[in-house]
Each structure stands twice: as structure tokens, then as C-alpha cells.
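Dear colleague,

Please find below the structure I wished to pass on to you.

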Amino acid sequence: MRPDGTFPHPRLARRDFLYGMGASLGSVAFTSLLADEARRAGVSGPHLPAKAKNVIFLMMEGGPSHIDTFDPKPALERMHLKEFVREGKQKSAMESGRRYYVRSPFKFIKAGQSGADMAENWSHLAKVADELCFWRGCTVDSVNHPTAMYQMNTGNRFGGDPGIGAWVNYGLGSVNKDLPGFVVLPEASHPQGGAANWGSGYLPARLQGTPLRPKGAPVLDLLPPHGVSRDRQRANLDLLAKLNAAHAEAHPGRDDLAARMESYELAFRMQAQVPEALDLAGESARVREEYGLDSPVTASFGRKCLLARKLVEKGVRFVQLYHGSWDSHDFIERAHGNLVGAVDRPIAALIADLKRRGLLDSTLVVWCGEFGRTPDNGVRQGTAYGRDHNPNAMTIWMAGGGCKAGHTFGATDELGMEAVDLKRHVRDFHVTLLRLLGLDDNRLTFYHAGRFKQLSQFGGEVIRELIA
Amino acid sequence: MFLVVALQGQSSEELFVRRIQPLLQDKCLGCHGRDPEKIKGELDLRRPDALLKGGESGKPSVVVGKPQESPMFLSVERVHDDWEPMPPKQAERLTSEQLRWVRDWIEKGAALPGEARTKEILLTRKAAWDAEDGVTMKSGGGLSPEWDGRRYKPESLWAYMPLSKTAPPSGGHPVDAFIRARTPEGLKPAPQADRRTLLRRVSYGLTGLPPSEAEAEAFLADPSDDATAFAKVVDRLLASPHYGERMAQHWLDVVRYADSSGFANDYERGGAWRYRDYVVRSFNVDKPYDRFIREQVAGDEIAPDDPEMLVAVGFLRMGPWELTSMEVPKVARQRFLDDVTNAVGETFLAQSLQCARCHDHKFDPIATRDYYAVQAVFRTTQLAERPAPFLPTENQSGFDERRHLLAAREGHEETLRQLDEKSVAATEAWFKSSGVDDAPWKEALSKAGKVRGSRFAGARQYLLSRKVAEDRFPPRMLGWTPEEIGLERIARKGLERLKWELERYEPFALSVFDGRTPKVASVNAPVRPPADPFAEGEWEDAVILNGGDPFSPGPKVAPGVLGVLTAVPSAVPSFPVGRRKGLADWIVHPANPLAARAIVNRVWQWHFGKPLAANPNNFGSTGGRPTHPELLDWLASEFIAKGRTFKDLHRLILSSETYRRASVHPDPAAIAARDPKGESLAVFPPRRLTAEELRDSMLAATGELNRSVGGIPCRPEINQEAALQPRQVMGTFAAAWTPNPRPEQRHRRSLYVLRLRGLPDPRMEVFNQPPSDFSCEKREESVVAPQAFALFNGADSHARALALAAKSARDADDAEAVRRCFRAALGRDPSPAESRESLAHWARVKSLLGPKPAPVLPPVEVRRDAIEENTGTPFSFTERLHANAEFVPDLQPADVDDRVRALADLCLVLFNSNEFAHAP
């Protein structure tokens with residue numbers, strides 16, 4: 001406060017704009033400030049030319065069975081219910097007791113011009129089969145859900161490292177300054193391993209994934225308690241700004257104070273922006289029908305897929321959608337049948353919609369779980385055929401974003417137990433994903449705890465086959 | 001030409017022998033020759049003259065005299081488009097000095113001396129080069145001779161050197177003298193802070209709480225000189241029980257305290273609170289630091305009959321850990337061993353050890369052998385919840401809340417009973433349709449006992465154990481719908497989880513014992529120690545694990561310590577009991593410079609917000625060097641010499657003028673110009689309050705804070721959506737967050753709030769409360785918009801604001817009410833302008849008030865939508881929140897008049913102000 005009893009205007013320091021989930025000035029000067037900040041952080045936009053600018057990551061938590069979805073294993077027909085003997089040093093309790101080979105209960109078809117293998121219950125996805133690039137060679141290190149989830153989502157089995165979305169935003173910067181650059185659409189219950197699956201780790205906190213809750217307030221405490229009007233809130237913010245301005249004048253040179261003042265204004269703007277971004281009321285009846293919003297079976301994941309498209313349109317770099325649990329140890333026909341039924345139509349609609357809007361080229365869609373499943377199972381009650389966790393084989397598919405659409409790469413052995421062709425560790429997939437976005441994993445590094453860290457942990461190799 | 005070479009002292013030949021050859025070894029041979037089967041780019045550098053020929057590109061790698069045309073140089077320089085950067089990993093790129101060597105070597109002729117010539121050069125030059133190039137260090141012995149012969153820059157080894165005996169420069173307080181000696185020329189320190197600022201600073205620093213109005217008045221009125229009056233305040237605060245709480249918060253950050261185990265199950269650790277309180281007590285009684293260390297590492301070995309010592313070794317259990325049936329026990333066991341090895345290094349020695357797990361440390365003189373020598377100490381350390389009677393000093397109040405858990409247990413048991421009856425009832429139809437004879441089953445049902453409370457399961461087991469074929473009696477889950485299959489699992493897993501929660505009220509310690517490694521496939525209930533810990537289980541040999549892989553044992557190692565500290569004697573026995581005591585004795589040995597430097601560096605940070613050496617968990621060469629090395633060493637020496645009491649160390653630091661400086665410098669431009677990194681401490685660095693301080697300060701301002709010390713964890717209200725958010729754990733959902741029913745139970749200090757790894761309080765998390773999975777050496781102070789959401793919109797802030805408004809408005813006119821709000825929140829009166837603005841705001845808000853909102857009470861039950869995990873069938877169930885039935889809400893808007901409601905908005909603004917949120 002000044003000696004004459006008046007309050008100065010809140011100061012706006014340079015760093016004001018660089019905090020929080022970004023500011024909304026949108027001026028050229030601001031853009032250059034951001035670029036400046038990014039340079040100082042060791043990042044300068046894409047390292048290499050690339051098509052993909054955004055990612056929609058469909059995370060099928062629990063471990064979908066490759067054998068029952070996209071990697072048919074006819075050899076299991078003749079092995080069905082023959083006893084299985086497992087070898088290897090890492091015996092886990094999952095391998096205890098008698099086990100039997102189990103055939104897939106699903107029929108397979110050849111979909112699209114490319115003749116992609118699909119279980120026939122993926123009837124909608126089959127219509128966009130030629131947009132998909134299948135890879136059957138991924139391996140991971142863990143048989144346990146949370147550690148495998150962490151590895152798929154952060155590169156590090158033990159959690160605590162930045163999520164892929166944080167790395168992508170760190171590398172490419174965000175576009176919309178009123179929305180976070182990394183948005184997560186989880187199930188009503190968080191996946192195993194919790195929020196660390198989309199944390200920012202040692203990267204700046206603003207890069208962490210913002211989960212939008214499927215029910216209720218999309219962001220916690222986004223709005224004041226019931227009964228507090230926007231006018232009243234504005235009045236409170238005005239008084240706060242005055243008190244803070246007086247305090248800042250008595251404490252010159254403090255960027256942190258100015259940043260904190262700006263974060264309140266940004267929060268006030270977000271209160272208006274976030275609900276608008278999530279409003280599906282403006283979508284046509286046709287779109288709603290396509291995504292399956294009108295059916296109780298598909299509505300939940302359909303809403304997520306439609307939101308993902310809207311968020312990408314608004315400039316959100318990385319949207320991660322969760323579905324599951326796909327952890328079908330028993331009754332795989334019913335369990336996987338229900339799960340596929342819930343996502344098939346929405347995913348197909350998402351790909352078609354992105355294509356129609358000209359967004360598919362610049363949006364990489366990824367579908368995966370944290371591991372695959374085994375060809376064998378302890379048979380329960382005589383008929384409860386299911387499958388257990390398998391870190392040595394899984395199928396990942398991608399669409400758009402410069403991936404090699406209409407092809408299937410890699411292979412597992414004749415029973416689907418282990419990848420045998422184009423068999424690569426998940427870290428190579430991470431490196432490939434970054435490469436599709438024009439980012440070089442070896443240059444997308446952050447110095448922390450004594451060394452330069454990177455998504456792949458220790459470096460990996462691009463899987464060139466998957467890139468168009 | 002000759003003259004130039006002589007001036008630079010290095011011929012191309014010499015450069016090759018001294019620099020280029022080792023670089024090729026270190027950076028290139030990994031892909032270009034070490035494994036002749038896997039040579040990349042067809043470039044085989046086992047014979048360096050291959051450089052003149054080149055690889056698959058067909059071009060020579062080196063063009064003599066022309067580095068800018070030499071692919072080798074262009075690759076390592078990493079800027080040319082045609083040549084891929086080498087080595088490929090960014091982290092391994094050459095330093096600018098190494099680049100200069102390569103350039104010079106090529107420019108000067110790219111000499112490739114043969115073997116004989118190399119020997120000749122080494123003979124004459126090696127001694128001189130060694131003197132210039134750095135020193136070798138002792139360790140436990142590396143995996144390769146190259147590593148053993150590695151050279152270190154002497155300045156990167158500061159932490160392993162004995163404490164220097166530099167006396168303080170003359171004049172004034174020793175701390176000030178050391179600080180003054182490193183103050184940039186011409187920079188004048190800021191004047192001393194005023195008493196009000198100082199009191200706020202030191203109250204937060206020593207207790208984490210703001211001063212009361214009475215304390216402020218007493219200090220302001222004290223006629224003694226500033227230094228004397230301040231010393232009295234410091235003594236008063238050090239004697240407060242809240243001192244131990246504040247110090248414990250710092251310590252628990254480092255050791256990763258939590259009340260749950262993390263990972264897939266995130267089971268509660270019922271007895272963890274007793275370790276938390278042990279830490280509080282230890283600081284409050286000013287336990288010497290050496291004793292504090294010995295108790296936490298080896299309390300059970302030092303005094304096996306003292307329950308407090310069984311609690312103290314809870315330190316070793318602080319990391320996240322579990323063993324599920326989906327996991328390989330040996331892998332889980334190794335996870336514990338790796339965790340505890342590194343934790344001891346980081347916590348007490350400021351030396352991260354995990355970097356030496358798979359290979360000798362890349363930067364520090366810590367060999368993989370050292371890592372496994374320390375780990376060998378813990379090879380006989382086993383995890384258990386051990387009987388440990390409660391101590392008279394432990395707060396045992398509130399145990400009656402147990403009845404809510406018992407009610408939940410009864411609910412689960414009832415579900416299982418009903419499902420059991422359903423199965424039994426369905427048998428008749430099963431036998432009818434299958435045509436199987438039901439006589440054996442009827443006999444089993446009448447003769448067999450219950451299994452896990454189930455008659456049906458008892459009968460099945462009875463027949464199974466008599467080898468009756470499985471198709472002769474009904475299958476499991478008979479008569480259940482998919483929904484009921486789900487319900488059974490929820491109830492069964494719920495009972496399992498309750499065992500861990502009920503442990504909270506039992507006299508057991510989260511502890512360890514020495515013995516063989518028990519053979520267990522999974523841990524689903526608290527573990528009791530065996531009667532004879534050496535009778536059964538696996539004897540774990542201490543070995544080096546190749547690549548850190550528990551299935552790849554290498555050479556044996558003896559339990560031991562880090563070889564780098566040659567001056568510190570150690571005696572770690574091979575006998576399975578007493579190893580940890582041996583390790584602890586070595587850590588606290590007065591000649592061990594790491595332990596003493598580590599702790600005084602932490603304490604310095606606790607007061608100044610930044611440490612003297614930048615990374616309190618990492619004094620190695622990748623951590624920051626000390627800004628004031630002489631001061632750090634002097635403090636460490638003093639600390640040891642004076643008996644390692646924390647309170648004396650605080651008095652020493654806090655009595656300096658450096659600590660008492662104002663946080664605003666009269667000449668900010670001078671600071672910006674001469675001390676841009678803010679290392680001089682010419683001005684005191686203010687800090688944002690921590691998440692815990694923010695919450696505790698609001699409760700203190702309203703008078704609601706329950707200041708009782710210690711005891712079982714409390715559960716305040718958290719954001720209701722987060723509280724009820726379904727949380728998946730293995731095979732079921734974790735229980736919802738249920739706040740304590742009574743306000744005084746909820747309004748305890750944040751230190752005592754139940755810390756679940758899988759459910760951080762979003763409000764605390766957003767204000768940088770660290771996750772409990774990693775040691776936190778220093779709190780972050782981020783500024784993000786969600787903080788504004790939490791503090792400005794959150795129900796808790798509004799509740800505190802209302803409480804402060806009600807308290808301030810009682811029997812007071814408007815001006816006095818405003819004055820009370822400022823004094824309670826900010827510890828000062830409002831200025832006339834602030835008063836005017838506040839009164840005007842109050843009136844304006846009154847005009848904007850809508851109708852009173854209805855109170856929001858936590859629900860007594862929640863409906864959970866789940867997917868039965870084996871079948872994918874959706875089902876729902878009801879979770880009853882028994883404690884919520886007795887819930888007594890905080891003061892609600894409906895309880896007060898509009899005058900108070902409107903004043904609450906002023907209080908909310910004050911709680912959100914920058915002044916409130918910072919320690920000055």
C-alpha cells in the first residue's frame with residue numbers, strides 16, 4: 001500500500017505467465033516468452049520433422065488378451081485342455097497347480113483391404129481396420145499390475161517418474177493456455193498404481209496429467225461451494241489482489257508472490273473454460289449415436305472418446321483414456337466379450353471422426369494394456385476358461401499420426417506365449433512413440449538426481465517398421 | 001611448429017596416449033569392438049588405425065589435420081546433420097574439454113603410436129600427468145581394474161574428506177564470521193528484521209505454528225536487547241512439545257513415513273504411528289543424534305527387551321513394500337533389501353547408494369562391492385509386527401473408535417454367512433439335476449467344521465481331503481449370481497484389510513528381527529516373529545548380484561561398510577545378529593564426516609530454506625558443492641564436540657545475525673547484481689508455508705486446533721469426492737475415507753493425519769506434500785492454479801473462514817471484528833486503508849449473499865459400481881461408513897447470521913493472501 005492509502009495495481013512479472021497450467025494472453029510476446037522458457041528448460045519443440053502433434057492413448061488396464069483380440073492362435077484348438085508345464089526360474093504363485101491350454105472362444109476374421117486379424121466381435125473397429133498398425137512384439141518386465149502399469153505409462157516399473165504425457169508436453173509445449181496439456185480420463189475408480197500413472201515425476205509440476213473425473217466436478221474444487229456466486233467470488237478476488245499488491249510493494253523483487261497472484265486469476269478463468277470444454281450438448285445426434293452415447297453399454301467409454309476428440313481439437317497435447325479392468329482370469333468369453341462390447345463402437349467412431357475432420361494425420365491413437373495374457377490357465381469349475389498375466393507377449397495397435405497404417409508387424413510363437421518376431425522391449429515402443437511426435441528420446445532428457453533421465457530410462461531404439 | 005607443440009605441452013602422440021586412447025576405451029569400444037560379434041557401423045576400433053579406414057560409410061573416420069572434415073569429430077561434436085551423434089546417448093556425450101582433445105589430436109596430425117612407442121611415452125610422462133589429472137580413491141574394490149584406477153577431481157570428493165579444522169574468522173558470531181568471509185565484495189547485509197517478523201519466522205521454523213497474540217505481545221514488550229529477548233523466545237520454543245512435531249515432520253519427509261504399504265494392496269500399517277511418535281519424542285527430549293541413529297538402525301539389537309527400541313527400527317520399514325501371491329517372493333525380498341540399503345545411505349550419509357547396485361558407481365567412489373557389503377548387513381534382517389507393550393509416554397486415547405471397524409467386520413461376516421446359506425440351500429437342486437448321490441455330501445456337512453466361517457466350504461474341503469472326485473459334490477460359488485461372486489470377494493478382502501487396520505490399537509510395533517528368511521508366498525496379514533528365528537527359512541548368503549538380479553548371484557561379500565572412508569574404523573560381524581549395530585557404530589563414529597555433515601546441512605536447510613550443500617541426500621559429485629564449506633565443517637565439528645544435541649545446534653544457528661536479517665534488502669539492485677543466486681544470505685530467504693503449516697495455521701487462527709501430542713492417526717474431512725472416490729486395490733476396493741466424527745478429533749495437527757500412499761489428501765498434495773514413495777530432501781514450492789482451487793474454493797478453507805468470522809464478530813463492533821480477523825490470521829492490526837477496504841468489502845458481500853446453503857454431511861453409505869473381475873459383469877454394492885453415523889459437523893453457514901457469513905469472506909481472503917501463506 002502506498003503512503004497515501006491507495007493500493008497499487010497488481011504487478012505482473014514475466015514469470016507470472018509461466019506458472020500454473022499456462023496463462024491466456026495469447027499474444028506474440030507471450031508465445032516468445034514461452035519459447036524462451038522452454039529453451040532454458042532444454043526444450044525447443046520437435047527435434048525432428050513429424051506428422052503427429054497430439055496423442056490419444058487408449059489404456060486398457062488389466063491386460064487385454066492378444067490371443068482373444070488381434071493375434072489368433074489356431075494351434076490352441078488342438079491343444080485345448082491339454083496339460084501345460086511351465087519352465088523357467090521365476091516361478092510365481094500364478095503358475096502353481098495344474099494348468100491347461102485354453103483355446104480362444106472367439107472366431108476371427110480378416111478385416112479390411114489389409115486383411116487384419118481381428119476377433120469378430122470387434123465389428124465396428126473392423127470397418128476402420130485399414131487405419132490401424134498392429135504390432136505383436138512388445139515385451140515388458142513385470143507380471144504385476146501396478147508395476148507393469150507404471151512401466152507402460154512412465155517407463156519406470158517402480159513409479160515416480162513422469163508419465164508419457166508429461167514428457168510430450170515437456171518436449172512440445174502446450175497450445176491452449178487455459179487448459180492443461182495432459183488430460184486423463186480415468187474410470188470411476190483409479191487404476192492400480194493410482195495417480196502416479198500420470199504424474200510429472202521430477203519434471204515441473206505443471207506437466208502432470210489432470211484427471212477429469214467421470215462423474216461430478218471434473219476438477220476438484222473447480223467451483224466454490226454451493227451458494228457462492230461469481231460476483232461474490234470476483235469481489236473476494238479483487239480484495240485479495242489489493243491486499244497482495246500492497247504486500248508485494250513492500251516485498252520488491254519477489255517473482256513468487258507475483259506468480260501466486262496470477263495463479264488465482266488463471267484459476268478464475270479456468271472455472272469458466274473447463275466446463276465449456278467438456279460440454280457435449282452441442283454435438284449432433286448423429287455423432288452421439290456414432291460414439292454410442294445413447295446405449296448404456298457404450299455410453300461411458302463413448303463419452304470419453306468424444307471428449308478426447310474435443311480436447312485434441314482445443315489443443316490438448318496428450319489425452320489418456322482408461323478402460324477396464326481387462327484382467328480376465330476366468331470366463332474370458334463373457335469378460336472380454338463385455339469389455340470389447342463397451343469399447344468397440346466408441347473407438348471406431350473416434351478414428352472415423354478424427355479422419356473426417358482431418359485430424360487423424362496429426363493425432364496418434366494408441367491402444368494397449370500393460371501386458372498380454374497367457375495361452376494357459378488353471379481351469380476353474382471345469383468351464384471357467386480364462387488367462388493369466390503375460391509380460392512376454394502383447395499386441396499394441398496404433399492409428400494415425402504417421403504410423404504405418406494397414407500393416408501387422410511382429411509375431412508371437414504358435415501358442416501366443418512369447419513374442420518371436422520384431423520382439424522389442426516396451427522402451428523401444430516409447431522411443432518410437434516420441435519419434436512419431438518428432439521427439440528424440442536421447443535429447444528429451446531432464447537432469448535429475450545426478451543424471452540425465454529420459455522416458456526410455458536408458459535409451460532405446462526406434463522401431464522403424466511401425467513408421468510410415 | 002615444434003615451438004607451438006612445446007608451448008601447448010602435448011604432441012599429437014602424447015594426446016593420443018593420454019586422452020584419446022582412454023576415450024576410445026570408455027566411449028566407443030562398447031559398440032565398436034568390445035564384442036566382436038556385435039560391431040556397429042562396421043567400425044572396429046580394437047585397432048585404432050581403423051580410424052584411418054572408417055566404417056560402413058566408406059569414408060575414413062579421421063582426416064589428418066582437419067577435424068571439421070573428420071566424421072569422428074563431427075559425430076562426437078553432435079551438431080552435424082550427416083553424422084549421427086556419438087555416443088548415441090545424450091548423457092554420455094563428450095565434455096567440451098574432451099571435444100578439444102579430439103580436435104587438437106586431429107589437428108596436430110592424428111598420430112597413432114604403436115604399442116612400443118606408447119610404453120615409451122608413458123614411462124616418461126605418466127607421473128606428471130597423474131599429478132595434473134586428479135586422484136584415485138579407495139573403495140571396497142570395483143568390478144574392473146579400470147574403475148579402481150579411475151581419477152576424481154579433488155573438489156568432487158569434498159564430502160569424503162575429514163572435517164576441516166578451519167577456525168571461524170575473527171569478529172562476532174562464528175556463523176556470521178563464516179558468512180561474512182564469503183559475502184561478495186561490496187554487498188552490505190540487510191538490517192536485522194523487526195521483532196514481529198522474527199517471531200513469526202522462528203515460530204514457524206521451530207514449531208510449524210504461528211505465534212499466539214500473547215506470545216507476540218510478550219516479545220514486543222520485552223525490554224531486553226534484541227539478541228537477549230530473541231534468545232529467550234528460542235528457548236521457549238525449543239521447550240514446546242510442538243518443537244518435536246516440527247522436527248519430526250522434517251525427518252519423516254526424509255524417511256518416507258506413511259501409514260500404509262503402497263503398491264497393489266496398500267495395506268495399512270497399523271503400528272506405524274508409534275514410530276512417528278518415537279521421532280517426535282526423540283526430538284523433544286533432545287536425544288543425541290548418534291543415539292537416534294543407532295536406535296533406528298539397530299535398536300532391537302542394542303536393547304531387545306525395550307519396546308521403544310522395537311518401535312525405533314520401524315525406520316527400516318518405511319519404504320513401500322508388499323508381497324502378493326502374484327509375485328516372486330525372492331524379487332520382493334530383494335526389493336526390500338535394495339530399498340533399505342539405499343535408505344540408510346541417503347538418510348544418514350547423504351550418499352545415494354542405488355547407483356552402485358548394477359555397476360560400480362559412475363561418478364562416486366562407491367563400488368558395487370560396497371553396495372552389497374552394506375546390503376549384507378541386512379541379509380538377516382526380517383520384517384515383522386513384533387509384540388511391544390505400549391509405553392506410558394505414548395498417547396493411547398481414542399482407541400474406542402475401534403468399534404466402527406468392528407461394525408464393518410460384522411457386516412462382512414454377515415455377508416459371508418448369507419452366501420454360505422445360499423450355497424447350502426442350492427445343493428439340493430444340484431444333486432437332483434446331476435443325479436449324483438448326496439449321502440457323502442450330507443455326511444460331510446454334518447461332520448465337517450467351517451472353513452473361513454463357511455459350512456459349504458468346510459464340507460467341500462472335507463471331501464477333497466478324502467480324495468473324493470470333484471464331480472461328486474457341488475462346485476464352489478454354487479447358487480451365486482455374478483453379483484454375489486463379487487460381493488463375496490468384497491467381504492472376504494474387506495476382512496483381510498481390517499486385520500491391518502485393527503492393528504492400530506494393538507501393542508505391536510512395525511519392526512524387524514534377525515533371523516533366516518521365512519518362506520512365505522504372500523503377506524496378507526500382520527506378520528508375527530517366529531519363536532526361533534533361526535530354526536526355519538532360507539539362509540541368505542551375502543553376495544554381489546550381477547546386474548542387480550536376485551537370480552544371478554556373483555562373488556560372496558562380507559557384511560561391511562563403504563570402503564571410501566578409510567579413516568573410519570568399522571567392525572561389522574559376520575554373525576547374523578549384531579550386523580546392524582556394527583553398521584550404526586560406523587555411521588556415528590566421530591571420524592565419519594558424512595553423517596555429521598549430512599545432518600547439520602539438513603538443519604541449516606530447515607532454518608534457511610536452502611541447505612549449504614545443495615542436495616541433502618546426495619553429497620556425491622553429482623550433488624551441489626557446499627556454498628560455505630568451512631562453515632559446514634565447523635558446524636559439523638561443533639555438533640560432534642558438543643554432544644550432538646539438536647537444541648544446541650539450533651541455538652547456535654538462530655543466535656547469529658545472519659538468521660535474524662530482514663527478508664527485504666534496502667538495495668535489491670545490489671543483491672541482483674552481486675548475488676544473483678541468493679547464496680550470500682545477505683538477506684533472509686522467506687518461504688511459502690508447507691501444506692501442513694497452511695492447514696495448521698488456519699486451525700490455530702480460528703482457535704480450533706487440537707494441540708494434543710501423538711497417538712493414533714486422525715482423519716480430517718478431505719474433499720468429499722476424493723474421500724468417496726472408489727479406490728481399486730488388489731481384488732477389491734479400499735475403504736472410503738471416513739473423517740473422525742468429532743471436530744476436536746479432526747482438528748489435530750497435520751503431522752497426525754493418516755497418510756495413505758494410495759490416497760493422498762488432494763489439498764495437501766497440491767501444496768507439495770511429498771509422496772511417501774521417495775525420500776524428500778527438500779520440499780518443492782510450486783505455484784499452480786489448482787492451489788487456488790483448493791485454498792479459495794475448498795470446503796475446508798470456507799469452514800475455517802466461517803469459524804474465524806464467528807469468533808471475531810462475537811461481541812465486537814465492525815471495526816473491532818475486522819481488527820480481530822487480521823490479528824488472528826496475520827498477527828498484526830490492519831492499516832487504516834486495509835480496515836476501510838475490509839469494511840467496505842464486508843458490506844458489499846452482505847448484499848451479495850444468497851440463501852443459506854444446507855449443511856453438507858458425509859454420507860453413511862455409498863453405492864459402489866464395480867465390475868466382477870473374473871466375468872466382466874457389472875454389479876453394485878453398498879459400503880457402510882459406520883463412523884459417519886456419529887458425525888458432528890463444524891460450524892455451518894446455517895448456524896450463523898448474515899453478518900458473520902459475510903465476514904467469513906474477508907477471512908477467506910486473508911487465508912489466501914500472500915502474507916498469510918509465507919514465513920517472512
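**The interface between chains A and B**

Across this interface, 71 residues of chain B are in contact with 79 residues of chain A, where contact requires C-beta atoms, placed from the backbone, to lie within 7 Å. On the side of chain B that touches chain A, at least two residues each come from α28 (720-724), α31 (785-793), α32 (795-809), α34 (832-848), β8 (861-867), α35 (898-912) and α36 (914-917) of chain B. Helices (H or I, at least four residues) and strands (E, at least two) are DSSP runs, numbered from the N terminus. The most is given by α34(B), with eight residues.

The model is predicted: local features need pLDDT of at least 70, side-chain atom pairs count only at pLDDT 80 or more, and totals for chains, interfaces and linings use all residues. Residues are numbered from 1 along each chain as its sequence is written, while chains are lettered from A and ligands numbered from 1 in the order in which they are written.

**Strand β1 of chain A**

In β1(A) (residues 54-60), seven of seven residues are buried, that is, with 20 or more other C-beta atoms, placed from the backbone, within 10 Å of their own. In a regular strand, side chains alternate between the two faces of the sheet. Here N54(A), I56(A), L58(A) and M60(A) are buried on one side, and V55(A), F57(A) and M59(A) on the other.

β1(A) runs parallel to β11(A) (residues 363-368), joined by six bridges; pairing requires at least two DSSP bridges. In that pair, L58(A) stands opposite W367(A). Six bridges also link β1(A) in the parallel sense to β10(A) (residues 318-323), where V55(A) faces F318(A).

With kind regards

Note on methods: Two residues are in contact if their C-beta atoms, placed from the backbone, lie within 7 Å. A residue is buried if 20 or more other C-beta atoms lie within 10 Å of its own, exposed if 12 or fewer, and partly exposed in between; C-beta atoms are placed from the backbone.
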